[in-house]
Amino acid sequence: MRLGKISDSVLKRSVLKQIRTKRQEVVSGAGIGEDCAIFAPSDGSACTVSQAAVLEEADMVRVLVKCANNLAAAGARPAAALLTLLLPAEAEEQLLKQLMAAAENTCAMLGMQIAGGHTAVSPHVDCPMACVTAYGVPMPDVEFSASQDAALGILAKGGGMGRASSMFTTRGAKPGQDIVLAKWIALEGTAILARRGRERLLERYPAHLVEEAAGFDRYLSIIPEAAVAVKSGIRVMHDASEGGILTALWELAESSGVGLTIDLRKIPIRQETVEVCELCGVNPYMLASSGCLVLAANHGEELVGQLAREHIPAAVIGQITDSHDRLIYNAEEKRYLDKPAQDEIYKKI
């Protein structure tokens, strides 16, 4: 199979169709574009959201931020993380100490506690690998009610079982809503490419541009954007990550069973990303994009204004439609959004 995320067809056929056991405590689980599971235990404890992510090379910042972003897009505040680290036989203890220090620093920034995990040395890995499962609790502005006609059961805020007045999933986009994008696309991929290809980039571009691109990691968290969205009443969010903005848009439409129209020229992109991607020969719209958040809003420009007041750049880039067509416009050119392809970052491995 190809590197990176498996295709939608393989996911449906060989993963989702194999999941048949259901429990009432799991009120939102596995699905296309769903990066979190939402649990409502019957013992009256707080609602908990969890998700897992795996990255090679044990990049602790990326893997932990990705987990936290998925939680934030599900309306949850990151609270705790379980880490699994697999090290090759030749690894020294100093490497483990460095990885844990990086993990702790990142968790401190995100407000998460490292609550446990597992560490092992394996002859079957040739580089350090990390797997993280993160847990979250509802953001302060998430309100729950005991409405009996809500679609899904969830723990009511304040204790006891109830019904949610709203749920945070990618399945809820409705025709007529605006599609808003917070921050810029391809931040994650730009940072990776700039670090890997620093010497080559410096041959063409000034040092300040290369260093700025390599430092895009500082923009990877979408927790502030999600917090503004939650406070504004937004309930459909999806963090763009592997596969880039085009994959995120496809997953949003596929999960909700809707169509969309996108104006390519309105998708925010940094000039540093344009330059790095041009030299590296990659498509920025299909490049790892942790750091940007896709939202479905009834009043997109109003949400853009609310984000701007918190110094978060955003733009309305399209609309949700009632057809199954997923269209991208670039001036007079029109094309259909393809099914997700391999992330462009793998071209440079």
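Predicted model: local features only at pLDDT ≥ 70, side-chain atom pairs only at ≥ 80, totals over all residues.
Residues are numbered from 1 along each chain as its sequence is written, and side-chain values use heavy atoms, with hydrogens and water left out.

**Entry: D263**

I took D263 as buried, because its relative accessibility is 16%, where buried means under 20% relative accessible area, exposed over 50% and partly exposed in between, with a 1.4 Å probe and protein chains only. Leaving aside neighbours within four places in sequence, I found D263 in contact with I317 and Y329, contact meaning heavy atoms within 4.5 Å.

**Entry: strand β10**

I then turned to β10, residues 236-240, where five of the five residues are buried, so the strand is largely enclosed by the rest of the structure. V236, H238 and A240 point one way from β10, while M237 and D239 point the other way. I counted five bridges joining β10 to β12 (residues 292-297), and the two strands run antiparallel; strands pair if DSSP finds at least two bridges between them. The bridge partner of V236 in β12 is A296.

**Entry: nonpolar cores**

The largest nonpolar core has 48 residues, and those with the most contacts inside it are M60, L64, V180, M237, L293, L295 and L307. Such a core is a set of buried Ala, Val, Leu, Ile, Met, Phe, Trp, Tyr and Cys residues joined through side-chain atoms within 4.5 Å. Helix α2, residues 60-73, gives the most to this core, with nine residues. I noted another core lying apart from it, of 44 residues, among them I192, Y205, V276 and C277.

**Entry: helix α6**

In α6, residues 207-214, I found L209, V210, A213 and A214 buried. They cover an arc of only 130° around the axis, which puts them on the same side of α6; the arc is that of the directions from the helix axis to the C-beta atoms. What covers the buried residues of α6 includes α4 (187-196), α5 (198-202) and α9 (271-280).

How many aromatic pairs does the structure hold? I found two, where rings of Phe, Tyr and Trp (its six-membered ring) pair if their centres lie within 6.5 Å, and planes under 30 degrees apart count as stacked, over 60 as edge-to-face and the rest as tilted. W184 and Y219 form an edge-to-face pair, at 5.3 Å centre to centre and 70° between the planes. W184 lies in the loop between β9 and α4 and Y219 in the loop between α6 and α7 (223-231), so the pair ties together parts that are 35 residues apart in sequence. W184, F216 and Y219 form one aromatic cluster.

The charged end of R270 sits over the ring of W184, 4.9 Å from its centre; this requires NZ of Lys or CZ of Arg within 6 Å of the ring centre and within 35 degrees of the ring normal. I recorded a further case in R326, whose charged end sits over the ring of W250, 4.7 Å from its centre.

**Entry: positive phi values**

K183, in the loop between β9 (178-182) and α4, has phi near 65°, a positive value in a residue other than glycine, and at 8% relative accessibility K183 counts as buried. A331, in the loop between β14 (326-330) and β15 (333-336), has a positive phi of about 60° although it is not a glycine, and at 41% relative accessibility A331 counts as partly exposed.

Methods. Helix = DSSP H or I, 4+ residues; strand = E, 2+ residues; numbered from the N terminus.
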